[in-house]
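Please keep the sequence and the structure open while reading.

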Amino acid sequence: MTLRSLAHQSASKALAARGFSICGCRFVGSDSRHVSEGSRHRKGVVGRFGRYQDEYEESLRDRCGYWLRAASELHWFQLPSLENILKDHPTHENMHHWFTDGKINTCYNCLDKHVYNPTESRANQKALVYDSPLTNSRRDYTYAELLEEVENFSAGLAGLDVRVGDRVVIYMPMVPEAVIAMLACARIGAIHSVVFGGFAAKELASRIDDSRPKVIVSSSGGVLPGGKLVPYLPLLDEALKIAKFGGDVKKCVIVQRKGVIECALAKGRDICYSELMQSVGKQKMEAVPLPSPHTHYILYTSGTTGMPKGVVHDTGGYATALKWSMSKFYNTKPGDVFFAASDIGWVVGHSYTVYGPLLHGCTTVLYEGKPVGTPDSGAYWRCVEEHGVNTLFSAPTAFRAIRQADPKGLEVKKYDLSTLQAVFVAGERSDPSTLHWIENILKDYKIPAIDHWWQTELAFPGAGNALGLGKIEPRYGACAAPVPGYDIRVVNEEGHEVPRNVLGTLVIKLPLPPGTLPTLYEADERYVKEYLTTYPGFYDTKDAGMIDEDGYVHVMARTDDIINTSGYRLSTGAMEEILLEHPDITDCAVIGVKDALKGEIPCGFVVVTPGRDPSRETELLNELVSLVREKLGPVSNFKKVAVVKALPKTRSGKVLRATMRKIANREEYTVTPTIEDPNVFSELEPVILKLAGVDDC
């Protein structure tokens with residue numbers, strides 16, 4: 001029996017007849033009252049891949065049947081049985097695994113399945129387009145060519161004694177070999193941990209110590225805008241020297257970037273990538289059938305304890321969720337061109353530069369460049385025209401940078417964007433003015449700008465406009481609706497659900513859908529403590545927000561960015577949204593500063609449009625204060641704002657508000673190694689201290 005026929009064999013009836021035990025999980029049911037609330041804006045919404053309201057309600061009422069049907073779109077070496085779709089963890093009832101007795105291989109589904117499909121082979125279709133304005137180079141790989149490269153490198157890793165479950169750290173710039181290494185690990189069951197290329201040695205060492213890799217795949221170096229070269233080998237050498245388990249690394253495979261930057265290899269430790277590939281010849285390495293719960297990869301995020309958190313994603317559940325999302329959420333079909341402008345060191349790069357598009361049979365664009373400055377603010381639009389991009393995905397901060405450099409969108413006029421169907425933004429909260437600006441400069445093409453929300457831990461969208469299921473009428477500043485599979489609630493500090501339009505903590509009723517993190521790497525107790533303990537029965541997103549009267553989900557800020565002013569809980573994100581309504585403001589951040597009388601008060605920092613008359617700065621600041629107080633009222637206590645040249649951001653575009661807040665409150669702080677410009681605080685810190693130090697601030 002095929003998985004598809006199994007999935008459709010009266011799954012709902014079987015589940016109803018046998019109760020929750022058929023999934024082996026206590027949390028199959030959901031509050032039907034909550035599911036239907038706020039649905040009047042959604043009931044008539046239908047897309048080319050389904051009807052939103054039907055899919056959402058089914059995903060909560062019949063979790064096992066719903067996701068089993070989604071899993072049927074993949075190739076399984078061993079079909080998951082109906083009785084083992086969802087199982088509790090043996091030691092903790094709120095931890096769970098999906099498709100527990102199924103066996104699958106993600107690389108096989110990304111490549112072999114398309115190359116050897118007897119009815120619709122994609123062997124000659126482009127799988128990967130490498131576009132590097134930083135090195136003025138481009139390389140294309142068909143599905144057949146990419147499979148051959150991956151098979152060869154898989155054989156190379158196997159020759160270095162890399163086996164199922166071994167860890168491989170990938171410390172690489174945005175080059176095709178990095179994608180090949182990720183897919184090769186997935187092919188043989190090695191667990192990859194991608195570390196952002198150019199990370200400081202100390203941070204790389206901490207990830208080496210936590211994951212204890214057998215092999216590291218790296219490069220001779222990276223390139224920054226302006227042609228500055230970043231040698232990687234000195235950083236890798238230092239990391240291995242200071243890491244407690246650095247000596248356990250057996251080999252380092254180094255990609256020499258000929259004509260860009262090359263390096264001397266350490267004798268006995270380092271192996272040249274091209275020489276390794278030549279040594280295995282045309283040797284084929286078959287994809288290894290892996291248990292669905294097998295750890296696919298570890299992706300580290302900064303932890304509050306000083307130790308990085310190794311977020312884990314599994315094999316079968318992750319592949320199922322990504323394949324599902326490509327059609328149901330992003331509204332793409334096989335053969336489309338998908339451009340996620342994200343580094344592979346981040347979760348967006350994992351999910352939607354590498355795995356999601358390839359699982360779906362799309363062409364994916366690997367971009368080594370910036371939204372501006374490589375060479376100009378038309379970089380994205382050039383890529384859309386040259387590669388025939390259908391879907392563009394980037395962070396709001398990227399579009400703010402483009403807007404700052406090209407406020408009238410003149411670069412758009414230089415390119416034919418007729419292939420583009422949608423622009424998606426995520427990574428931080430997107431203000432309405434940025435979304436309106438994107439849609440306005442693309443108005444000739446009637447392109448929607450879709451804000452959506454998810455996290456490294458979730459790995460695929462949690463809330464937003466699922467275009468494949470129909471476009472819900474947008475409410476700018478909100479993510480349209482929960483994505484099927486996610487039962488999102490808002491609770492107060494005591495864990496009680498709050499009424500509509502009331503700010504609180506966003507939580508997700510357990511169990512989480514497939515694809516989301518099952519745990520942290522070798523840290524089950526830490527996972528339970530950080531995510532599952534504060535609100536029993538729910539996953540704590542650590543994001544603040546609300547659900548309005550029509551069911552739209554508003555993600556306002558991290559819970560740490562909610563301030564308490566004179567007894568009122570206020571969202572700094574709401575204030576930022578208002579500031580960005582001003583036509584002269586291209587970026588901003590609002591932080592809470594401690595106040596002996598009021599508890600906390602907000603202070604704002606704004607970046608202005610280039611060319612604005614600096615003599616009118618006082619007038620501008622007064623306008624901004626009035627604007628916030630007009631929209632939020634005097635209760636906002638918003639009285640102080642300063643103009644800055646730039647905001648401190650990570651390479652993924654997140655503003656370092658917590659660090660700014662610590663500076664303002666004269667607390668000790670460390671600058672994250674993911675910061676885009678380490679020098680930004682030298683100019684910003686005096687401005688922050690001056691503003692925070694004013695008596696009436």
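In this predicted model, E576 and R657 are both buried. Their side chains meet in a salt bridge, with N and O 2.8 Å apart. The pair links distant parts of the chain: E576 belongs to helix α18 (residues 572–579) and R657 to helix α20 (residues 657–664), 81 residues apart. Elsewhere, salt bridges with shared partners join R400, E428, D431, D587 and K649 into one network.

Across the whole structure, a search finds 47 salt bridges. Three of them, including the pair already described, are set out below.

| Salt bridge | N to O distance | Position of the partners |
|---|---|---|
| E576 and R657 | 2.8 Å | helix α18 and helix α20, 81 residues apart |
| R139 and E177 | 3.3 Å | strand β8 and helix α8, 38 residues apart |

R139 and E177 form a salt bridge in which the closest N and O atoms are 3.3 Å apart. This pair, too, links distant parts of the chain, with E177 lying in helix α8 (residues 176–188). R139 is partly exposed because its relative accessible area is 33%, a value between the limits of 20% and 50%. E177, in contrast, has a relative accessible area of 11% and is therefore buried.

R207 is buried, with a relative accessible area of 6%.

Next comes the sheet that contains strand β8. It is an open sheet of 8 strands in the order β8-β7-β20-β19-β21-β22-β23-β24, and its pairing is mixed. β8 (137–142) and β24 (463–464) stand at the edges; each has a single partner strand, so one side of each is left without a neighbour in the sheet. Within the sheet, β7 (residues 126–132) pairs with β20 (residues 363–367) in the parallel sense over 4 bridges. L128 stands opposite T364 in β20. Helix α16 (residues 432–441) lies across β22 (422–425) and β23 (449–453), and runs at about 145 degrees to β23.

V655 sits in the loop between β33 (640–643) and α20. Is this residue, V655, buried or exposed? V655 counts as buried because its relative accessibility is 8%, and the cut-off is under 20%. Leaving aside neighbours within four places in sequence, V655 is in contact with E428, A589, L647, P648, K649 and M660. Two of these contacts, E428 and K649, also belong to the salt-bridge network. From V655 to R500 the distance is 28 Å, C-alpha to C-alpha, and the two residues are 155 residues apart in sequence.

Two annotated spans remain. An unreviewed UniProt entry gives "domain: Acetyl-coenzyme A synthetase N-terminal" for residues 52–110. Over residues 52–110 the chain is 41% helix and 19% strand, and the end C-alpha atoms are 27 Å apart. For residues 575–654, UniProt (unreviewed entry) lists "domain: AMP-binding enzyme C-terminal". That span, residues 575–654, is 26% helix and 31% strand, with its end C-alpha atoms 17 Å apart.

Methods
Residues numbered from 1 in each chain as written. Predicted model: local features only at pLDDT ≥ 70, side-chain atom pairs only at ≥ 80, totals over all residues. Heavy atoms only, no water. Pairing = 2+ DSSP bridges. Helix = DSSP H or I, 4+ residues; strand = E, 2+ residues; numbered from the N terminus. Contact = heavy atoms within 4.5 Å. Axes fitted to C-alpha atoms, helices over the stretch in contact; angles between N-to-C directions. Salt bridge = Lys/Arg side-chain N within 4 Å of Asp/Glu carboxyl O. Buried < 20%, exposed > 50% of the residue type's maximum accessible area, 1.4 Å probe, protein only. UniProt positions renumbered as here; feature names shortened; annotations may be inferred.
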